[in-house]
Amino acid sequence: MGKESQQTMKTLTGDINARVDLFIKDLRLELTKQTPKRSGTASRGWQQVSRYDANKRGEQTIIRNDVKYIQPLEDGHSKQAPHGFINQSIDQVLKRDHGQI
């Protein structure tokens, strides 16, 4: 691969990583906002535990919440989100423009 091609790939990889980072940050904020709240523990439990890197094949970005009752909340055990909130949060973020590559 020539120098120009290498530079193009480096730029493209950087752009992809930046877009994914923006999307993940937006998703984490949306999940925090949409999580049903009583004490706020569940909404504060969202964390990004890995970062995406387009240079690494098979790399995943993981957002998780280790609060023990997060699944019952998602299953509708809260009047604030009787139909869950995770898929709705993902749908909301997917509708937003995170830039084109």
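User: In this predicted model, where is Lys68 found?

Analyst: The model is a predicted one, and the position of Lys68 is described here by the secondary-structure elements on either side of the residue. Lys68 is found in the loop between β2 and α3.

User: Is Lys68 buried or exposed?

Analyst: A residue counts as exposed when its relative accessible area is over 50%. The relative accessibility of Lys68 is 79%, and Lys68 therefore counts as exposed.

User: Which residues is Val67 in contact with, leaving aside its neighbours within four places in sequence?

Analyst: Thr41 is 26 residues from Val67 in sequence, while their C-alpha atoms are 7.5 Å apart in space. With the neighbours within four places in sequence left aside, the residues in contact with Val67 are Thr41, Ala42 and Gly45.

User: What is the relative accessible area of Leu73, and which residues is Leu73 in contact with beyond its neighbours within four places in sequence?

Analyst: Leu73 is found in helix α3, and Leu73 is buried, with a relative accessible area of 11%. Gly84 lies 11 residues from Leu73 in sequence and 6.7 Å from Leu73 in space, C-alpha to C-alpha. Leaving aside neighbours within four places in sequence, Leu73 is in contact with Thr35, Pro36, Ala42, Ser78, Ala81, Gly84 and Phe85.

User: Which residues form an aromatic pair, and what is the angle between the planes?

Analyst: The count comes to 1 aromatic pair. Trp46 and Phe85 form this pair, which is edge-to-face, with 6.4 Å centre to centre and an angle between the planes of 75°.

User: Where in the chain do Trp46 and Phe85 lie, and how many residues apart are they?

Analyst: Trp46 is buried, as is Phe85. The pair links distant parts of the chain, with Trp46 in strand β1 (residues 46–48) and Phe85 in the loop between α3 (70–74) and α4, and the two are 39 residues apart.

User: At roughly what angle do the axes of α1 and α4 cross, and what word describes how they lie to each other?

Analyst: Two packed helices are described by the angle between their axes and the distance between the axes. The axes of helix α1 (residues 3–34) and helix α4 (residues 86–95) come within 9 Å and cross at roughly 140°. The crossing of α1 and α4 is right-handed. The term for how α1 and α4 lie to each other is therefore oblique.

User: How do the residues of the contact of α1 with α4 divide into nonpolar, polar and charged?

Analyst: From α1, Phe23, Asp26, Leu27, Glu30, Leu31 and Gln34 meet Ile86, Ser89, Ile90, Gln92, Val93 and Leu94 of α4. The residues of this contact divide into 7 nonpolar, 3 polar and 2 charged.

User: Which residues does Glu30 touch, not counting those up to four places away in sequence?

Analyst: Glu30 lies in helix α1 and is buried, with a relative accessible area of 4%. Not counting residues up to four places away in sequence, Glu30 touches Ser89, Gln92, Val93 and Arg96.

Terms used:
Residues numbered from 1 in each chain as written. Predicted model: local features only at pLDDT ≥ 70, side-chain atom pairs only at ≥ 80, totals over all residues. Heavy atoms only, no water. Axes fitted to C-alpha atoms, helices over the stretch in contact; angles between N-to-C directions. Helix = DSSP H or I, 4+ residues; strand = E, 2+ residues; numbered from the N terminus. Parallel < 35°, antiparallel > 145°, perpendicular 65-115°, else oblique. Left-handed = near helix turned anticlockwise from the far one by under 90°. Contact = heavy atoms within 4.5 Å. Nonpolar A, V, L, I, M, F, W, Y, C, P; charged D, E, K, R; others polar. Phe/Tyr/Trp six-rings, centres within 6.5 Å; stacked < 30°, edge-to-face > 60°. Buried < 20%, exposed > 50% of the residue type's maximum accessible area, 1.4 Å probe, protein only.
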